[in-house]
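Let's work through a few exercises together, one step at a time.

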Amino acid sequence: MLVTGLVVRPGPVGGWLDALGGEPAVTPAPTVTTPEPSPTPVLVAAAGEGSAPDPATVKEVLDPLVDAGALGSTVNIQVVDVATDTLLYERNSDQKTTPASTTKVLTAATVLAARGAAYRLETRVVAGAAPGEVVIIGGGDATMAVEKDDKDLFPGAARLDTLAAQVKKALGGTKPTKVTVDTSLFEGAETAPGWGSSDVSPGGQVARIQSLMTNAGRIQPVHNEFGGDPRYSDPALSVGRLFAEMIGAPESSVRRGTAPADVEVSASASASAGPSLAPGTELGKVLSPPLVQIVDWMLEHSDNVLAEVLGRQVALAAGEEASFEGAAKAMGDKLTELGLPADQASLSDASGLSNRNGITPDLLVQTLKLAAGGTRPELGNIFNGLPVAGWSGTLETRFATPSDNESAQGIVRAKTGSLSGVNTLAGVLVTKERQILAFAIMAKGGANSVTARQALDKIAARLVACGC
């Protein structure tokens, strides 16, 4: 049935329509500090408001594209008109399939719902049991930089050298003798079921998941879009050694351990306290950027380590253990609390690197619809971090080939996903009739990842161009 009438501008994505037409939004969305500016300047102008898409026309347009051999043997897909909640197209949309990094859409939604956009992660140092001993306590902030101007891998991140300066001042004349690294916040295995040996450091896509690390475990603050980033084999101990050097403690003194049982939460100790520092006295503390920025970085660059530490924040907020299992349970419970069908997800990790994950297109689309609808404002922050076609993140070089795909540059915002034989894309777009569509395309069996991604992009670009 063809539905006519004006577009209802839902939630945070309503302003995109105004940006497309050069009009001011009627009610501007609250400004959120993000690592980079809004992609509005690259959005392509669209025609005036028109009719809602017709499911029969969408089917006629998409069927040949979904049947493309480049996508492989199985394609699970769903497309929904956000404004009218009309199902426009689906194939196997209620069947779980390997999601790859589109899993991060669920991670973003659940952590924003659990913690809120303004939440910050703490890294603290307290006095140890003996004079000169300090304990650095990992609070799960994987974005921490090593020093000033650390190539800004995560702009505005807390810094290890700042923490070291606080501790040196607090110790006064007491010589640092030992650095204990406390990573007890996170529990269980440090790698997930379904991760291969090549996935993990030193040259893979992820580090061992620990509650203390710098630059998400990377040895250098560099993010490579393709291939792995060299990472420390033991990120927490590596932080301990760097910290020991900064405060003048022997590198050989760095050990794993836990903070004194009765940690005193207080202002940083004064320099005059010197040798009288009681075990557990706080010597320094640094805070991460707001959680919304970490979510942005996680989505834009598909950072697996950030996804895993954010999943553990969902667990901690729910009182579950901060482990892969605890995160999976807490994320499922949070999805249910949000009114989403949690039974449509089986999770072994929060990043999508595991080949044992299973998620349906329907759950991804419902999550995106909820985020766009305005009833849960905190979820709208997802759209700040979703890569923009031809402009940012993992979509920066996408939607270029074949040339027909270029029409969607600046208009599609979506999370990518890629594993061996798996290629996925889930996000939102604006059609030429100014309709906002949410979609999830999950293909399995494609032999060539390059041609498979182009085929995925072609589906989204066709939806942008046709209006239907």
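Predicted model: local features only at pLDDT ≥ 70, side-chain atom pairs only at ≥ 80, totals over all residues.

**Exercise 1.** Work out how helix 3 is built and whether its residues are mostly buried or exposed.

*Solution.* Start with the span: helix 3 covers residues 103-115, which makes 13 residues. From first C-alpha to last, helix 3 reaches 18 Å, close to the 18 Å expected at 1.5 Å a residue. Next, check the cover. A residue is called buried when under 20% of its relative accessible area is left. By that cut-off, eleven of the 13 residues in helix 3 are buried, including Thr-103, Lys-104, Leu-106 and Val-111.

**Exercise 2.** Find which residues line the largest cavity and sort them by class.

*Solution.* First, the count: there's one cavity of 30 Å³ or more. The largest cavity holds about 30 Å³ of space. Around it sit Leu-153, Phe-154, Arg-218, His-223, His-301 and Asp-303. Now sort them: you get two nonpolar, two polar and two charged residues.

**Exercise 3.** Describe the second largest pocket, and say which element gives the largest share of its lining.

*Solution.* Begin with volume: the second largest pocket has about 810 Å³ of space. Its lining counts 36 residues, with Glu-225, Phe-226, Thr-394, Ser-418 and Arg-453 nearest the centre. The elements giving two or more residues are strand 10 (413-419), strand 11 (422-430) and helix 11 (449-466). Strand 10 gives the largest share, five residues. By class, the lining splits into six nonpolar, 19 polar and eleven charged residues.

Methods: Residues numbered from 1 in each chain as written. Heavy atoms only, no water. 1 Å grid on protein atoms, 1.4 Å probe; cavity = no way out; pocket = protein on both sides within 12 Å on 5 of 7 lines; lining within 4 Å. Points joined across faces, edges and corners; volume = space filled by probe spheres on them. Nonpolar A, V, L, I, M, F, W, Y, C, P; charged D, E, K, R; others polar. Helix = DSSP H or I, 4+ residues; strand = E, 2+ residues; numbered from the N terminus. Expected span 1.5 Å × (residues − 1). Buried < 20%, exposed > 50% of the residue type's maximum accessible area, 1.4 Å probe, protein only.
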